[in-house]
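Good morning, and thank you for coming. I would like to take you through one structure, and I ask you to keep the picture in view while I speak.

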Amino acid sequence: MRRNLKHATTTIREKRFRAVAELPDWEALRTRGAELKDAALSDLAEQLLTLETAVKRRGGQVHWARDAAEACRIVTDLAASHGAREIIKVKSITSDEIELNAALEKRGIQAIETDLAELIVQLAGDTPSHILVPAIHKNRAEIRDLFRRKLGAELLTDEPKVLAEAARLYLREKFLSTKVAVSGANFAIAESGTVCIVESEGNGRMCLTLPDVLISVMGIEKVLPQWADIAPFMQLLPRSSTAERMNPYTSFWSGVTPGDGPQEFHLVLLDNGRTDVLADEAARQTLRCIRCSACLNVCPVYERAGGHAYGSVYPGPIGAILTPQLLQLEDENANTLPWASSLCGACYDACPVKINIPEILIYLRGQITPHKSHNLENTVESIAMKTAAWIFNEPFRFEGALKLARTGQGPLVQHGAIHALPGLLGGWTSSRNLPPFPAKSFRELWREEGQNDE
C-alpha cells in the first residue's frame, strides 16, 4: 500500500508543480478563489434561496436535507417512485458521506459506480482511500485480478488500456439501460440555477445526459452567486487535482429541457453539519474546500498512513479538520484526527483556496482537549500523563527515571532495539521499534564535557 501511495502521490505532486508553474498569477488566483468562497459563505442562506428559485424556474425540483438520513430518504424515495432496481452514479464523495449506496441497497436498489476507480473499489467490496483517486491504494495487477473475478474477463492483462476497455464494456450496457442517475455537484450558480460537474473520464457526461431522471446531491457550501465567480475555479481546480490545464469534461445544466437529456431533475441541498461549521468563525474557512485533494498529495502523514486510516470518506489534512466539525466534535474516533498531522504546513501551501489547515488543526485541538480531559479523569491514560508530568517537573526525578529505564530495559533489548513493550505500552511497539535508552544521557555527557574543559 505504501509503495502504491508513494508512487501515485509523488507522480501527481510533480505534475501539479509543473502545471501551477505555468501561471504567473497563481497566487493571485488562490487569493481570488478564497475571497469568492468567503463572500458566498457570508451570504449563504440568501444564495441558497436564490438557487432554489432559479432551479424551479427552469423546471427542476429542490429538496432540503438536514442530515444524512433525510438526504438518503429523499433519494431512495425518488428512485423507488420510478420503479428503479438499478441506478448509475457519477463519482460523488458527498453521496459517500451520507452512505447513500447502503441506503439504496436496503430498499432493493443497486447503485452502480461508473467512475473507474470507484467501480474498482465497489467491485472489491472496499472503501475509497483518496478524494480524487479512490483506488489509489491498488496497483494494476490487483485490478486485473479483480476484473477477472468480477467481470469474467479471464484473458485480461494489466495494461491500463485493456483494463479501461473491460470497464467500458461493462458500463456501456448500464448507461444505455438505466433510467435513474445520481450525481454530486462541484459548483452551483445561484443566479441561473446551473449545476456543474467536472470529471476526467466522460462517465459523468453519460450519466448526466442519458437517463430519464437525474438526482444531484450537493453540499450547501458549493453554491456561488453568479456566473463570473466560477472562472477562477476552472483554473484552480484542474491544476490542483489532476495537474491538467483544464478538465477533460466540464458539464453545466440548468433544470430540464424538453427532448434533451433527463426530463426530471432533482437537486438535494445537504446540510449534515455544515451550518454548524459555518457558525464557527475560527473554522468557517474549512467550507471553502473544492475537493481537489492537493493537500492529500503533499501530506507526509497521508502518504505513510493511507486514506483508510482516517476512518472517514474525507481523508488527509482536509479530512482531519472537516470530519470532526461535521460530527460536532462528538465522535471519539473523529476527535483524534486533528492530531494526525505534523503541522508542516505543506497542505496550506498547496490549497488552491488558501484554507489554513494547520491553524484550524491547532484550534480544533484546543476545542477537543478540555472535553477529552474531562472524560479521561482518573483513567489509565490520565494517571500515566499525571505521573509523567510529576517526573518531568524536577530534574532529579527525570534523571532518576532515566537510570531506572536503562537498568530495566536489559531483557527487552534485542538486536539493538526494543521490539515489544509489556502491557498497555505494547500498543506503541505493535507497529514500530523503540530505540534503547543510551548508556549516558545528554545531561550526563554535558556535565562530563564541562569537567574535561576545566
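I begin with the largest pocket, which holds about 1400 Å³ of space. A pocket here is an open set of points on a 1 Å grid over the protein atoms alone, where a 1.4 Å probe fits, with protein on both sides within 12 Å along at least five of seven lines. Its volume is the space filled by probe spheres set on the points, which are joined across faces, edges and corners. The lining counts 48 residues, and Ala 117, Leu 132, Val 133, Glu 201 and Thr 242 are the closest to the centre; a lining residue has an atom within 4 Å of a point.

Before going on, please note that this is a predicted model, in which local features need pLDDT of at least 70 and side-chain atom pairs count only at pLDDT 80 or more, while totals for chains, interfaces and linings use all residues. Residues are numbered from 1 along each chain as its sequence is written, and side-chain values use heavy atoms, with hydrogens and water left out.

Which helix gives the largest share of the pocket lining? That helix is H1, with seven residues. Among the other elements that each supply at least two residues are helix H7 (116-123), helix H9 (160-177) and strand S6 (194-199). Helices (H or I, at least four residues) and strands (E, at least two) are DSSP runs, numbered from the N terminus. By type, the lining has 24 nonpolar residues, 13 polar and eleven charged. Asp, Glu, Lys and Arg count as charged; Ala, Val, Leu, Ile, Met, Phe, Trp, Tyr, Cys and Pro as nonpolar; the others, Gly among them, as polar.

Now to the sheets. Six strands form an open sheet with parallel pairing, in the order S1-S10-S7-S4-S2-S3. At its edges are strand S1 (61-65) and strand S3 (110-113), each pairing on one side only. Two strands pair if DSSP finds at least two bridges between them. S1 and S10 (residues 264-270) run parallel and are joined by five bridges; one of the partners in S10 is His 266, which bridges to Gln 61.

A second open sheet, of four strands, has mixed pairing and the order S8-S5-S6-S9. Within this sheet, S5 (residues 187-189) runs antiparallel to S6, with three bridges between them, and Ala 188 stands opposite Val 195.

Finally, the chain is divided into domain 1 (1-272), domain 2 (277-372) and domain 3 (380-451), with bounds from an automatic or database domain assignment. The centres of domain 1 and domain 3, taken over C-alpha atoms, are 51 Å apart.
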